[in-house]
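The structure is shown first, and the description follows.

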Amino acid sequence: MKISMFHLMPYRDLPDDFEKRYRSVWVDPPFWELTTPEKAGLYYNQTLDELIHAANAGMDGVCVNEHHQNAYGNMPGPNLMGSVLARATAGTDVAIVQMGATLPTTQPPIRVAEEYAMLDCISGGRIVAGMPLGSPMDANYCYGIPPIEQRERYYEAHDLILKAWQAKEVFPFNGKYTQLPMVNLWPRPVQQPHPPVWVPGSGSLSTWDFAAQHDHCYCFLSYFGSQMAKKVMDGFWEFIGTTNRDPNPYRAGFLQLVVVSETDARAEEEYYEHIRYFYDKSLHIATEFAAPPGHQDYRSLVNTMKTQRAGLLGIRDQLPNWKFKDFVENGLVIGGSPATVRDRLSEAIKNLRVGNLMVLLHIGSMPHELTLKNIDLFAREVMPGVRDIWDDEWENRWWPEKLRGKRKLPAQAVAAAAAGGN
Amino acid sequence: MVATAERTETVWRDQIETRVKVAGSGPPVVFFHGAYGLQWDPFLDSLAASHTVYAPEHPGTTPGAPDSLEPLDNLWDLVLYYYELFDALGLDRPAVIGHSFGGMVAAEVAATNPERISKLALIDPIGLWRDDAPVTNWMAVSLSDLPKYLFANPEGPLGQMMSAAIKMEGDEALDAQIQVMWSLACTAKFVWPIPDKGLKKRIHRIKASTLIVWGKQDRIAPPVYAEEFASRIANSRVELIDGAGHLPHLEQLHRVSALITDFLKE
């Protein structure tokens, strides 16, 4: 297993009646009514500190992504965060997982190739190159990309970036959306022929096909947990079975919300309000922003309208009434004592057959100190119980090559173990 | 309702399949629909009493041909495609009516080759932009708010019909909803995110006599745009329609169809 801490950088103190007073957490929430630049600064720094803490505590990787105009997760420039993380983890064996810079909204997209190459140079070959399509809120509303062009722009940007990393000669690029007369990338990434590529997706066949064709890692990013993801991931593996690709679990990634405390009861006490906050406020997204026509191609639109919509809407309608136990029983959150979390997590990993796990250890309104506690307990008490899954059988070809071996136990964990006398 | 026939034309080197609804008899008039797609409606019925109405579906929105949009990269391609479609339909110099998004397309077609259009009627067209009166992004309006934006009287029969259609379930309703969503997707390609794609530089080329019809209570494209269009088209006049929003030809059906039918006969 490779397990990375994912951080969204949410605003942590939205008002109690936020979801009643405002139309959406994304695209049009008024900044000056809801927060201040000073608070944003505090949250950026806490986010960085929490990720650096996770790296030092023994997580395999740290993970950031790109979103705009929102209080849900506000890192418009993920590579700015990534560059701090690359420097702060110098000399360690922690991966910098950029999940990442959004391809269709970066113009020219060669900028993504350059910045990832910079990060790979700064980190000495420790980056994972996430290549997201971008949410409709970000790409269509905040950055003005026509919904129907988004996927085509994505494919074109991907081809340009991969070629720019690998080409030995200067080349012209004559795309539909980008034309460049003399592509000659400086710097080049340390990892050759290029850093591992992860493709986030939400379950559409076209993304599976794309990931398989290019032999990239497919990451199913969902906030609805492993039980709901089972159908999607079974579909993914079934699809992989029809291609010439092997069923290597590291070909797949998954995101899971995780909260750990001393006991199950304590976990509920400490984390429930922050889970509530996340589902009530951080995910309060106006439908018209989340699903502009054209964001899905025609076939996916028909499929979603006819088959998927009812199921998801059903869950969404129930969420406001859910207690902590509903979130954990339905698997949206894996939470409880270290033993509970270990069991549930290893079950999820095996059920979904995923090798690259991202865990959201900061959730919604969680304060800094509680986040550090969650990270510490997870790294110290949970990780050792799940980190060896798959390793006897499969190699993680989607992880920076120099970091593929077993990680040394971090100094902190060694010290803790010594203090505990075992 | 008059009997409509359907013709399917394949143009653009056989890559674009377009269904055209045809009805009535008399001189030809082409109708370009708005962003929500083509629905044969009472306005087209009334036109068909004195004209042969040709109502094409925007590329990509013809059922069974969702990929027909792909060969068209931009507005320039779209305008040239319409000349090919006119040729295929045997229309040399038709009158053209366009509503909303279709109004912008009609104006572009009339400005690019002014000889191809005999008369032009624009119903609440988009295509121009004023910072002090921005056109509402209709895709950003929630479905429940939509009647308020489209109709002067959201509680009227049209508003109620729309509110009911949004909530309808069952296969047929679902197919209709998919059709509307895909029409929004295919039209947005040419106007997203701001429907100001250069018409202001070309609109002066329009030679056709032009009638500009605008709903006084239009909350999508405010009626200040009527003058913006009129001041740029040499041979044009404006009719503001009270008691109508963005669809004056439906909300004030009799008044608008009489105005446009008379204008076409002038």
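## Strand pairing and helix packing

In chain B, Ile123(B) has Val213(B) of S7(B) as its bridge partner. The model is predicted: local features require pLDDT of at least 70, side-chain atom pairs count only at pLDDT 80 or more, and totals for chains, interfaces and linings use all residues. Residues are numbered from 1 along each chain as its sequence is written, while chains are lettered from A and ligands numbered from 1 in the order in which they are written.

Helices (H or I, at least four residues) and strands (E, at least two) are DSSP runs, numbered from the N terminus. Two strands pair if DSSP finds at least two bridges between them.

**Chain B.** Strand S6 (residues 119–123) of chain B and strand S7 (residues 209–215) of chain B run parallel and are joined by five bridges. The open sheet has eight strands in the order S1-S2-S4-S3-S5-S6-S7-S8 (chain B), and its pairing is mixed. Strand S1 (4–11) and strand S8 (236–241) of chain B are at the edges with a single partner strand each, so one side of each has no neighbour in the sheet. From one strand to the next, the twist averages 20 degrees.

Helix H2 (residues 75–89) of chain B packs on this sheet and touches S1, strand S2 (16–23) and strand S4 (52–56) of chain B; its direction makes about 125 degrees with that of S1(B). Here two residues are in contact if their C-beta atoms, placed from the backbone, lie within 7 Å. Helix H10 (residues 253–265) of chain B lies across strand S3 (28–32), strand S5 (95–99), S6, S7 and S8 of chain B, at about 175 degrees to S7(B). Axes are lines fitted to C-alpha atoms, for helices over the stretch in contact, and angles run from 0 to 180 degrees between N-to-C directions.

**Chain A, strand S9.** All nine of the nine residues of strand S9 (residues 252–260) of chain A are buried (20 or more other C-beta atoms within 10 Å of the residue's own, C-beta atoms being placed from the backbone), so the strand is largely enclosed by the rest of the structure. Ala252(A), Phe254(A), Gln256(A), Val258(A) and Val260(A) point one way from S9(A), and Gly253(A), Leu255(A), Leu257(A) and Val259(A) point the other way. The pairings of S9(A) are tabulated below.

| Strand paired with S9(A) | Sense | Bridges | Bridge partners |
|---|---|---|---|
| S11 (residues 356–360) of chain A | parallel | five | Leu257(A) and Leu360(A) |
| S10 (residues 333–336) of chain A | parallel | four | Val260(A) and Gly336(A) |

**Chain A, helix H15.** The axes of helix H14 (residues 338–352) of chain A and helix H15 (residues 368–386) of chain A come within 9 Å and cross at roughly 45 degrees.

Methods: A residue is buried if 20 or more other C-beta atoms lie within 10 Å of its own, exposed if 12 or fewer, and partly exposed in between; C-beta atoms are placed from the backbone.
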